[in-house]
Amino acid sequence: MLGFARPFTGRKALVAAAVAPLVLTAACSGGSDAASGDDDQLVIGFALSQSGNMAPFDVEPGNAALLRIKEINDDGGIDGKKIKVISKDVRSNPDTVGTAATELIAEGIDLLVTPCDFDLSAPGASVAQASEIPSVSICAGDPKMADTKTLGDYVFSANAGSDVEGSSGAAWAYEKGWRTAYVLQDESIEYTKSAGRYFTAKFEDLGGKIVGDDAFPGGDNVNISSQASRLKGLSTQPDFVYVASWNPGGATAIRQLREAGVTVPIVGPAALDGQVLLDVVGEKASDIYYTGFACYVYCTGADSAADLDAFVKAYQAEYKSEPASSYALLGYNMVTALADAAGKAKSFSGGDLKAALEGDGSVKTPIGDVAYFSKTCHKIIDTPMTVVEVADGAMTFAGQQRVDSIPDVGDGNSCAS
Amino acid sequence: MILEFLINAVGLGALYALLTIGVALLFGVLGLMNFAYGELILAGAFAMYLFRDQPWPFALLMAIVFAVVVALVSERLAFHPLRNADPVTLMIASFAVSLALQSLARMTVLPRTRGVPPERFLSHRVSILGADVSVLDLVTLVLCGLMLLVVAWLMGRTSLGIQLRAAAEDFRMASSLGVKANLVIPAAFVIVGVLSAIGGAVLVARQGSVGADMGLQPMLIGVVGAVLGGMSSLKGAALGGFLLGAATALLESLLPTDLIAFRDAFLFSALIAVLVVRPQGLLSGAKVRVS
C-alpha cells in the first residue's frame, strides 16, 4: 500500500517536473561567481542522503566514494590535481536535492554526485543540466537515468542498471542449461518492473521459454501464498523462477515460496543483495541465485577475492564497519571512473568533463575491468555481474556474467542494441 | 486447493481482525484514534528480532513485554496529560508519538531493515484432509483466533470488561458511577499492547524482516478494518478486519496477473461501496464518537 522506502528507481518524473521549475529559477538567480573553472583541483559536490529512508542506500556508496577520493589524493591526485569534496545531506527528500544542487553549483563544483535513486536524483540532475555541469547518480538503477533524454545529456548513472541485471540473470540461467522460466513480478517500483521486462526479453531472445508469470504488489507487506500455490499447481514445474523484486520484500517473497514448498531454483536481480537476504530466507533455503555487483563480507569465494578484500579492509579501517551490501563498491568504482575521465579532460569545465566522461572509459576495479558511459548510453556499458548463490545459510560466488547486448523492449532505452 | 485457500484466507482474516480490535478498543474507550499503534507492533516485532536465537515462545513473551511497556509509557507520557482533550488533539498527539518512536527506532536499533530467520517448527508443512498446509498458517489462525476469543471473554465476562464497555459507552457517566479512569485506561493500553505484540510476532514470522516503518501498514489495516466494521463496536471492528483480510486473500487468488498490482484499488473500491450503503460501518451502534 504505502511503501515508504523506495530505493533505486522511478516513481515517475512527477516530482521532478514539479520541483524542477522552482530550482531552475533558483539556479539562474543564484549565479556561479565562485571558483568554477579553476583547474587546480577537481571539485565534486556530493548531494547524498545521510538521513531518512534512502540513507541505507546512499551512506555506504558515498563513504566508499570518499574512501577512493582519499586514496587518489594520497597517490598524488589526478596528474597532480587534488580532488576536493563538498557534501550536503539531502535527507532523502527530493525538494532538498534540488536546493542542495543549487547551493553546490554556486560554490563552484565541477561535478555533482546525486543519490542512488532515479526519483531522488532527478531534481538535482535537472539543476546541474541547466548549468551544464555533469551530474552522476551514485547507483540509480533505472535505465531512464541514462538515456540522455529524460533528464538531459549531462546526466549519468554509475550503475549498470536493471536492464543489465535482468539480461545477465537470463543469460546466466540459460548457460546453466535451464530452458523454462516462470516470472514472479514485483509491481512496486520501476526498477523491479524493468528487471522483469528485460529478463523476459533476453531469455526469449536466447531461446528459452517463459512458461508462466504472476505478480504481487510488493512493498512492505508481502504475502504471496496465493501466487505460491498457483505456481505449485502447475502440471510441470519450470526449470527456475525469476523473482523480479527488491529487499526486503523480495527476500520475503523467496522465503514464502520456499515455505510453500516451491523447490525449483530461484534467480533474482541485484536489489536482493546483502546480509538481509540471508537472514530473511534462513538456513534451510537453498538454490537461490542473484546477479549482484560483488561478492564480499557476507559472501565467499569471489574470483578477485584479494582485490575485494583490500577494498573491504580499507573501508573498515576508515569507517569501523564492513559494507552491508555490494552497492558500496559502486560508489568506489564511480570515483575511479570520474578521476579517469577528469585526467583525460582538456579542462574541468562542464562541457570538457562531459566529453571526457563519454569517451571510451574502461577502468580497473576490484571486480575486474568496467567500461563506463558512451555518447548515447550514460551508465555502465560493460561490467561483469557477480552471480551469488544462497544455500544453507551462506552466500557463495557462483560465477561472473557479462552480457554483450541488451534487448530492445521498445521503452526508448538508448543503451539497448 | 480450496482448503489451502480457506486456511490462508481465514488466517489472514484473523490476523487483520486482531489488528483491527487493537485500534477499535482505544477508540471506543478513549476516543483515541491511535496512530502510534504501528509502533507498538514495531516494539513487539523488534523483540522477535532481538530474541531470534531464543525459543519462539520466549521471544513471543518478550514481544508482549516490550509492546506493553511501550504502550504504558506512551499512555503515561503522552496521552495521560491529554485525558480531557478533544479527540482531534489526541489524534495529533498519537501522530507525534508515532513519529517520535519511529525516528527513535531508526536512530538507535533499526537504521536498516533486519532479517529474522524462519523458525524451524513454523516452516514445517502438514497434511490436513489432503491439503498441504504450513504450520505458520495454522499458528496464525490459532493464535489470532484464540486472542479474539480471549478479548471477547474479557470484555463480556469480567468486571474489567464491563468497566471498559461502560467507559466506552459514556466515559463521564461511568466514572461518576465509580469506574476508575486510572485503572480502566491503562488496562485498555495493556490489552492493546498484548494484541499488537501478537500481531507483530505473526507479521515477523510471515515477513522475516523488521524495519522502522513496518508498523505503518498494519496500523492502516487496523484503522480501515475498524471503519469498515464500525468504530464503536468491537464485534463490528473484528468483523471488518476479518472481511478485509479475507477479501485481500480472495483478490490475490482471483485477480488476473496484470491486475494484481491494483489489488488495493479493488479492495478500497469495495470498501467505499460498503461505506456508501452503511456509512456508520457494518455493525456500528447508534452512537459514533467521531468529532
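The model is predicted: local features need pLDDT of at least 70, side-chain atom pairs count only at pLDDT 80 or more, and totals for chains, interfaces and linings use all residues. Residues are numbered from 1 along each chain as its sequence is written, while chains are lettered from A and ligands numbered from 1 in the order in which they are written.

Of the 27 residues in α8(B), 21 are buried. A residue is buried if 20 or more other C-beta atoms, placed from the backbone, lie within 10 Å of its own, exposed if 12 or fewer, and partly exposed in between. After α8(B) comes B:G208, with a positive phi near 80°.

The contact between the chains takes 35 residues from chain B and 35 residues from chain A; two residues are in contact if their C-beta atoms, placed from the backbone, lie within 7 Å. On chain B, the elements that each supply at least two residues include α1 (2-30), α8 and α10 (234-254). That side of chain B has 13 nonpolar, twelve polar and ten charged residues. Here Ala, Val, Leu, Ile, Met, Phe, Trp, Tyr, Cys and Pro count as nonpolar, Asp, Glu, Lys and Arg as charged, and the others, Gly among them, as polar.

Chain A has an open, mixed sheet of eight strands in the order β7-β6-β8-β9-β10-β15-β16-β11. Two strands pair if DSSP finds at least two bridges between them. The edges are β7 (209-216) and β11 (299-300), each pairing on one side only. Within the sheet, β9 (residues 266-268) and β10 (residues 288-292) of chain A are parallel over three bridges, and A:G268 has A:Y290 as its bridge partner in β10(A). Helix α6 (residues 190-206) of chain A packs on this sheet, touching β6, β7 and β8. Helix α7 (residues 225-232) of chain A also packs there, touching β6, β7 and β8 of chain A.

Elsewhere in chain A, β12 (residues 361-365) and β13 (residues 368-372) run antiparallel, joined by five bridges, and form a hairpin with two residues between them. A:K364 has A:D369 as its bridge partner in β13(A). β13(A) also pairs in the antiparallel sense with β14 (residues 380-382) of chain A over two bridges.

Notes. Helix = DSSP H or I, 4+ residues; strand = E, 2+ residues; numbered from the N terminus. Axes fitted to C-alpha atoms, helices over the stretch in contact; angles between N-to-C directions.
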